[in-house]
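Here is a short walk through some packing and backbone details. Have the structure open while you read.

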Amino acid sequence: METVLEFENVTKRFPGLVANDQVSFDVRRGEVHALVGENGAGKSTLVNMIAGLYRQDEGEIRLWGEPVSNGGPRGAIAQGVGMVHQHFMLIHRFNVVQNVILGFEESCSRFGCLDLRQAREMVEELCRCYDFRLNLSVPVGTLSVGQQQRVEILKSLYRGANLLILDEPTAVLTLQEVRALFENLRRLTAQGKTVIFISHKLDEVLNIADRVTVLRRGRVIATVNAMATDKKQLAEMMVGRPVLFQLDKPVSRPGETVLEMDQVVQGTDAGHHKLNRLTLTVRRGEIYGIAGVEGNGQRELVETIMGLMPYDSGDIKIQGRSNRGRSVRDIRAGGVAYIPDDRQQRGLSLAMTVWENAVLGLVRSDRYSRWWKLCTDRIRDFAARKVREFDIRLSSVELPIRSLSGGNQQKVILAREMSVDPELIIAAQPVRGLDIGAIEFVHRQLIAARTAGKAVLLVSADLEEVLSVADRVGILYNGAIVKEFIPGELETETIGEYMLGAGKEAAVWTES
Amino acid sequence: MDRKLKIRLLRLTAPVGAVLFAVLLSSVFLIAIDKNPLTVYLTMLAFGLGRMDSIAAILFNATPLIFSGLAVAISFKAGMFNIGVEGQYFIGAVCAAWVGFAMPGLPAVVHIPLTLLAAMTGGMLWALVPVYLKVKRGVHEVISTIMLNYVAYSLVHYLIADLFMDHNQKIPEGLGSALIRTPKFLESAMMPTIHAFMALWGVELPGYIYVNWFLMLALVVAAGVGYLLNRTPLGYELRAVGHNPLSAEAAGIRTETVYIKTFLLSGAIAGLTGLSHLLVFYEYMDLDFPKNFGFNGIAVALIGGNHPMGIVLAALLFGFLSRGAEGVQTILGVPMDAVVIMQGIIILSVVVVAGILGRYLRRLEKKEAP
């Protein structure tokens, strides 16, 4: 089979670290080639070299037998490389056609005037060719995330991409959207396009990829046929040691109720409530998991508990005390820890240093300050201790936390939140975007906390995570818990139906 | 080269580079008005730095700008833009003026601190309105502070021309009318100059330049602001709110309280801005009380990178520029506006350099991490 891309002993160094070390592998025409590896394994550096954003220090990268031009990103596009980033680069007010031609308007202009009709025809032709279903004339902002991703792929195809690179494409998608994406990818490869697929989710990788290249600490560990391997083997290659997918979980011994939400109603959006008479209890010594499709009230649920959002009626009691009208600080002082779903916006102050972030919100405690004086030495000591304890990889706690990888950032949040010895832990999407090692770490921490008698509320869009970590699960749909069960009690199919409103509105979802 | 050292060095040298770039660009204007840039700059340097009275004048010019620059910077650190320093120092000054003429019989050790207190209270009051509106009603502080500046001007004019107007002025028979001004300040309210103090060290300052103890106070306040920002819980929370109010809120920091405290503090510092002129140079407040220290404070804070040390240096730079401008105007006939143009160019080039450098530094820091 024809080789599309070839890496030969490619090394890329950054001061202080070797991001890619003697990397060799090849990608063949018409295949989906998965790149897997933990955060910091060198996947991004590698694709950034293909996309023309970096240049290798040693070795050679060949595209269709030619060395990669050093014309930067534009040069890479000219050589047929298309990159679909994890965060979409779309203009929400523009419609699909306008977004697709953005930056390449010359191809459909006449005498310096944009010919939108011609552009539309060209985009329609592409959609027909690859069977992409999209409404071309609506603003991109009104499309679902899955559809926006399709627009991104269209953009690359429009620019003549033959090699598509998708960076963590499924991180933001629902189950149904992932299925649709995979269908589209299969159609693309069937017509001779080649796809490089970057992901942590090994199930998906095994489902879609033809071959898998595993990276660890900048080195290629192996390139294997997806048919000839399994999840366990891949994970072991990635992490460098056997990985237990079965979490070691002692039996839950629930005690008294710590969190009690009673008929909570919050917000009105287009006639229906964000939280609609939501009732649940979380007890000491158990992890209560919230399953459900995102946007069904997950954010409102955690933010009303934390006092970040007011609620209209009902009551939320934490350790028997209502949280109504109490400040976030007061609620936290009552023994509540919070791991927000958006760690960069809600969890951290990216421009501040690691040690400053390690005590965000805690500096008023007499451990870290004496009336008017901040005990910076003590805080630095604390941060350094936590860095060792949580195995946070960094070169200095004096750096802005922005410079850390997502997994390490999350570990800082975890270290901070656990340090107050909470009674109730609110964990919203605690492992989103993390790699296997970090996920395992976070889950073990949560389970250890619940075994030690804490109450944990785990909110996650990943059903598998909820089912494996939680002791009791509530399915959140339209702002209410529609079903409560113990993992193992219900079939996955049945859970899926509840998540989509017990079949009532399932049709709406398959549409997108 | 050690990366951390490089980062620090770049941060320090960037403003200097920006100033040099601005000097280069300003030459174009000087050539356009048919002056030799080299002569102009050399004259500026020789006149501005070569004479004791110039040094003293630079210090005197810089004093109010240190206060106003600090006031802008501290609110900026908390993510707010206090454009209202201008109005706050006007109100502060008029409050200090009232205490200065209306309270006879106080010893100087009581009277001077009392005027400072009055000025800070006035500035704080004028800052209270916008921050209250921001926290309670979501009114953006830029809009409300700009508007309040004009209210402050008019209010102060009204007070000077009406309520505080000195009606007991001795006017020689048949010679003009009374000045529109407040009564003269009492001797006990006047801040002494530092001439006597400097003489102790063998430095003789010319008597016609009024560099005074407010300069020392400004330096103390600058040090205090630096300490507050980096060494106190409030300073920490202030920076956390400034960098990311969302995460600060989620972490349990009361963002509204931080906004209010910071803005009031900013207003209090702003209130001191005009005193170095008011209580030393003028002996009463009239309609000629100098304007624009507040607006120039924004530029000073910007060039000083919102860092107390940087602000002191930037204020000195501004002091030097206006002194130098006087020099080249008198000696070479270069209009003062040429120097104003230069100030503008410096501000622009600092913004540009800061933008480019910021991106570069972030990349460096990123590489630092594994």
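This is a predicted model: local features need pLDDT of at least 70, side-chain atom pairs count only at pLDDT 80 or more; totals for chains, interfaces and linings use all residues.

## H5 against H6 in chain B

From H5(B), the residues involved are B:Trp126, B:Val129, B:Pro130 and B:Lys134. On the H6(B) side they meet B:Glu141, B:Ser144, B:Thr145, B:Leu148, B:Val151, B:Ala152 and B:Leu155. Sorted by class, that contact comes to seven nonpolar, two polar and two charged residues.

How do the two helices sit relative to each other? H5 spans residues 108-137 of chain B and H6 spans residues 141-163 of chain B; they pack at about 150 degrees, with axes 10 Å apart. Since angles over 145 degrees count as roughly antiparallel, H5(B) is roughly antiparallel to H6(B). The crossing of H5(B) past H6(B) is right-handed.

B:Ser144 belongs to helix H6 of chain B and has a relative accessible area of 8%, so it is buried. Setting aside neighbours within four places in sequence, B:Ser144 is in contact with B:Pro130 and B:Val139.

## H2 against H14 in chain B

Another helix pair in chain B is H2 (residues 37-49) with H14 (residues 308-332). Their axes come within 8 Å and cross at roughly 115 degrees, and the crossing of H2(B) and H14(B) is right-handed.

H2(B) contributes B:Thr39, B:Val40, B:Thr43, B:Met44, B:Leu45, B:Phe47, B:Gly48 and B:Leu49 to the contact. The residues from H14(B) include B:Phe320, B:Leu321, B:Arg323, B:Gly324 and B:Ile331. By class, the contact of H2(B) with H14(B) has eleven nonpolar, five polar and one charged residues.

## Nonpolar cores

In soluble globular proteins, nonpolar side chains tend to be buried together. Here, the largest nonpolar core has 159 residues. Which residues have the most contacts inside it? They are A:Leu446, B:Leu275, B:Leu278 and B:Met285. Helix H3 (residues 52-77) of chain B supplies the largest share of this core, with 13 residues. There is also a second, separate core of 53 residues, and its members include A:Tyr130, A:Phe132, A:Val140 and A:Met238.

Back to B:Leu278: not counting residues up to four places away in sequence, B:Leu278 touches B:Ala93, B:Ala96, B:Ala97, B:Phe185, B:Glu283, B:Tyr284, B:Met285 and B:Phe289. For a look at B:His277, go to helix H12 of chain B. B:His277 has 10% relative accessibility, so it counts as buried.

## Positive phi angles

Most residues other than glycine have a negative phi. A:Trp64, which is not a glycine, has a positive phi of about 50 degrees. You'll find A:Trp64 in the loop between strand E4 (58-63) and strand E5 (66-67) of chain A. With a relative accessible area of 29%, A:Trp64 is partly exposed.

Chain B has an example too: the phi of B:Asn292 is positive, near 75 degrees. B:Asn292 lies in the loop between helix H12 (275-278) and helix H13 (293-303) of chain B. B:Asn292 is partly exposed, at a relative accessible area of 38%.

## Two buried loop residues in chain A

Is A:Cys375 buried or exposed? Its relative accessibility is 16%, so A:Cys375 counts as buried. A:Cys375 is in the loop between strand E20 (373-374) and helix H13 (376-389) of chain A. Leaving out neighbours within four places in sequence, its contacts are A:Tyr368, A:Ser369 and A:Arg370. The C-alpha atoms of A:Cys375 and A:Val363 are 8.7 Å apart, with the two residues twelve places apart along the chain.

A:Thr229 sits in the loop between strand E12 (219-225) and helix H8 (231-239) of chain A. A:Thr229 is buried, at a relative accessible area of 11%. Beyond its neighbours within four places in sequence, A:Thr229 is in contact with A:Leu206, A:Val224 and A:Leu234. How far is the C-alpha atom of A:Thr229 from that of A:Val264, 35 residues apart along the chain? The separation between the C-alpha atoms of A:Thr229 and A:Val264 is 48 Å.

Definitions and conventions. Residues are numbered from 1 along each chain as its sequence is written. Chains are lettered from A and ligands numbered from 1 in the order in which they are written. Side-chain values use heavy atoms; hydrogens and water are left out. Axes are lines fitted to C-alpha atoms, for helices over the stretch in contact, and angles run from 0 to 180 degrees between N-to-C directions. Helices (H or I, at least four residues) and strands (E, at least two) are DSSP runs, numbered from the N terminus. Angles under 35 degrees count as roughly parallel, over 145 as roughly antiparallel, 65 to 115 as roughly perpendicular and the rest as oblique. A crossing is left-handed if the near helix is turned anticlockwise from the far one by less than a right angle, and right-handed if clockwise. Contact means heavy atoms within 4.5 Å. Ala, Val, Leu, Ile, Met, Phe, Trp, Tyr, Cys and Pro count as nonpolar, Asp, Glu, Lys and Arg as charged, and the others, Gly among them, as polar. A nonpolar core is a set of buried Ala, Val, Leu, Ile, Met, Phe, Trp, Tyr and Cys residues joined through side-chain atoms within 4.5 Å. Buried means under 20% relative accessible area, exposed over 50%, partly exposed in between (1.4 Å probe, protein chains only).
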